[in-house]
Amino acid sequence: MNSAAEFANHPYSAFLADVEKPARYAGGEWGETRKPWDSVSARICLAFPDVYDVGMSHLGTRILYDRLNREPDILCERAFAPWFDMEEQLRTRHLPLVSLENARPLRDFHVVGISLQHELVFSNVLTLLDLGGIPLRSSERSEADPLVLGGGSVATHPEPVAPFFDALVVGDGERKAVEVVRRWTQDTRAGLPRRQRLERLAALGGVYVPSLYECRPEQHGRLVVDMAMSPAAPLPVRRAFVENLDDFPFPERFPTGGPEAVFERFSVEIARGCMQGCRFCQAGMIFRPERERDPAAVVDCITRSLGASGQDEVSITSLSPADYSCIGPLVRTVSDRTHDDHVTLAVSSLRAYGLDDATLQDIGRVRSSNLTFAPEAGTQRMRDVINKNITDDQIVDTVERVLARGWDRVKLYFMIGLPTETTEDVIGIVQTASRAKSAGKRGRTKGRSPKVNVSVSTFVPKPHTPFQWVAMDGLETVFDKQHTLRDAARDHRVDLKAHEPHGSVLEGVLSRGDRRLADVIETAWRHGARFDAWDGHVKWDVWMRAMQQAGVTVDEYLAALPVGAPLPWSHIDVGLDPKFLVREYERAMQARTTLPCGRPAPRKSLPAVDDAARDDRKLVCFQCGAQCDLDAIGQRRANARSRAQQLAEESSARRARPRDAAPQPPRVRFRFEKLGRATLLGHLDLVREVPRILRRAGLALWYSQGFHPKPVMTFGPALGLGIPSFDEYVDIKTDGPIDLARCLEPINAACPDGLRFLSAAALDAHEPAVVNRIVGAHMLFAFDRQAVDEAGGTTWLDEQIAHVMAQPRIDVVRSAKEQTRSVDVRPFVAAIQPGDHADGAWLERAGIGGTWAPVKVSTVISPAGTIRAQELAALLCADRPIAYRAMRLSMIFAPDGQS
């Protein structure tokens, strides 16, 4: 069975083209792992509680997908929360949510794993379960239902959603994932009761099974976990921990090429954890101590992944990349190795003083994206409260250095609502940004003025941080502070964006909540709560009614908590000594800073990071409870610096060798077909995917000039979503000659499902671009035979064809960007005639089954436009609701010498 015919059997194939970004739900990307369903003993679906575009950028999903699929007895697939239109389609059609790889409902898997990266995905969790055919609550599930397994950072404080999960992995998921999946499936096959299977999971360690624990109300009014109801259930539940990240190599291959992801690039985790000690940062607390990947392994991973994926952007990421002990040599090596391939290099979440001039220069050499810094607070006093070890001078100096090196834009992140904040601290955000903007102008001696954009979010006090006890600002207070910010920004001419606060306040409620909020979450979901993390999608009234119905209030969950009292997350041990958090809270209230852990004590107030990294002095330890082996940490960093420096020297030597000047770039015209899943890729998706295909096949592409060079390509006319085509074209320029006779095999081996390249032809320098040579297309329309017979059969269809062709003018109404206009499409219809039995071969190749009445159409494509498939179908059907399929059979080229 060809891939188009296989996709025709997909439960969504009949309507996917009607929803927004249909490729979100089809799978078939390059790099996916699709195992035969019956070839394994354990099946898990990683169901991400947000849309494909967000989930495909999530590193945790990439790590687990690779880790689980490496095991020959385990099958791991993906599913994502459907957008509103797709959810409506599924409910209207009574269809389940299915996985991307084998299109199986979630209920068919042994385990459904859901990553909880933040609290505003809670409502989407229920959508996944409900559409997946799984009862919402653990207590309602039968012996045959899948294990609903949670993970991610919110697993350290999961009580509001605890009733919806059978178990949650606390800590590093790759340490426990295979063990948990195997234990559950083995015990299921052995016929153990569900309760006993859950107890055996809890006994593994690092796994929290909420149903095995009782809660009681504490004096502050919230429910806390009181006792375990099974001897197998530990109390507290201690996190799973990966001591050496190199024991779990970062995945080099991951599905690539669906609709554009939020971060459309290869991201590699260079370290986990952060020892800076920012008191607001939960990740910096729960992932302690900091662990680094070997720099040689990172470079090898990047090199192989870029070759395997065809991506042209790589991101070096961690909580604080500037703290990576050999960040300078690593960036230099990656920059050297990717420079000639026009690969963008990004470094995420930089501290403003984190990189020296040489490292900034290396980043800028490789078509760099914009840089973002996070001062977090606008005054020095406030930064001391939150332990953000950075000064005003360092912020201003770094912005000046960055913008002097060619960047056009710097983004600064701040928060309002921090503990002890005053109006002066709020206005200080704008003042700091204004000083940074002035410094940027000083750094840019010529060219256009640089941009310094400011983004301001609302602080949420998170569990397991020194600020877990403080009160959070309510809506009215946040609105007042945002008003103050906007006035100040207007006075200082600062570009400022303040995040909509309803989501932040809801996040504050859910992050510090207890099990009573499960009823609130379910009620809000049943009344339409979805995608609460998306701007403008928080249904505040729905949430407030749900809270009122449950007898709880926003204020009680935003209120301060007594220091030392049991909390709704106290039963989860993330490796921190509670006394450390108390000490840091007390120092914060006195605006006293604490030096970063695991670093040498500075000779001066704040030395450059690289100086500290090379220092052999004793490392600072504040007894946070992470039980760091400082001697081992110091030795590992020294070894890593030595390896990274050697890599950088080798790469620099390679870069020093002169490169031959490129000749006039050859031009090649590729012809390809787009069937099955590939028809769901939009034109812009195709524009991004074709260069990746060619790079995966080893072709060197020719790039445009300028600060953001791009592959030089010209595509033929775009085609509507869901329409197969047997005749598509793209002209490209290559950086050197290619073997036209042998290039198709490696190119097709690098194609995602549904794309196939058919020919390659050399073009001379004077050949017009393909889009200027094409003047029309031969199309095949297939109308539902039964509906046509009911309307009058072939006689009626012939009359419709004659009627359309007899019209001197045909006006259709088109809408774009909330505007409508009338267009005469008659000049775009060259010929229409009934099809014949031979057309069945085209339908079969396109994977279209059933009984159809074919109609052949020749359309005109000109600079003025063309007729759309749905417009022509409506004309031929006289607006009757007759199902149809359309496909492009071939392009019509202008005669030689004409264009």
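How many aromatic pairs does the count come to? In this predicted model, the count comes to 21 aromatic pairs. One of them joins F781 and F783, whose rings are stacked with 6.3 Å centre to centre and 15 degrees between the planes. F781 has 1% relative accessibility, so with a cut-off of under 20% for buried, F781 counts as buried. F783 gets the buried label too, again at 1% relative accessibility. Elsewhere, W83, F84, F531 and W534 come together as one aromatic cluster.

Rings also turn up in contacts with arginine. Here are two cases:

| Arginine | Ring | Distance to ring centre |
|---|---|---|
| R104 | W37 | 4.2 Å |
| R197 | W184 | 4.6 Å |

R104 lies over the face of W37, and R197 has its charged end over the ring of W184.

At least two lining residues come from each of α1 (3–8), β24 (774–784), β28 (852–860), α29 (869–876) and β29 (884–893). The largest share, four residues, belongs to β29.

Last stop: helix α3, which spans residues 59–69 and is mostly covered, with eight of its eleven residues buried. The buried ones in α3 are L59, T61, R62, I63, Y65, D66, L68 and N69.

Conventions
Residues are numbered from 1 along each chain as its sequence is written. This is a predicted model: local features need pLDDT of at least 70, side-chain atom pairs count only at pLDDT 80 or more; totals for chains, interfaces and linings use all residues. Side-chain values use heavy atoms; hydrogens and water are left out. Buried means under 20% relative accessible area, exposed over 50%, partly exposed in between (1.4 Å probe, protein chains only). Rings of Phe, Tyr and Trp (its six-membered ring) pair if their centres lie within 6.5 Å; planes under 30 degrees apart count as stacked, over 60 as edge-to-face and the rest as tilted. A charge sits over a ring if NZ of Lys or CZ of Arg is within 6 Å of the ring centre and within 35 degrees of the ring normal.
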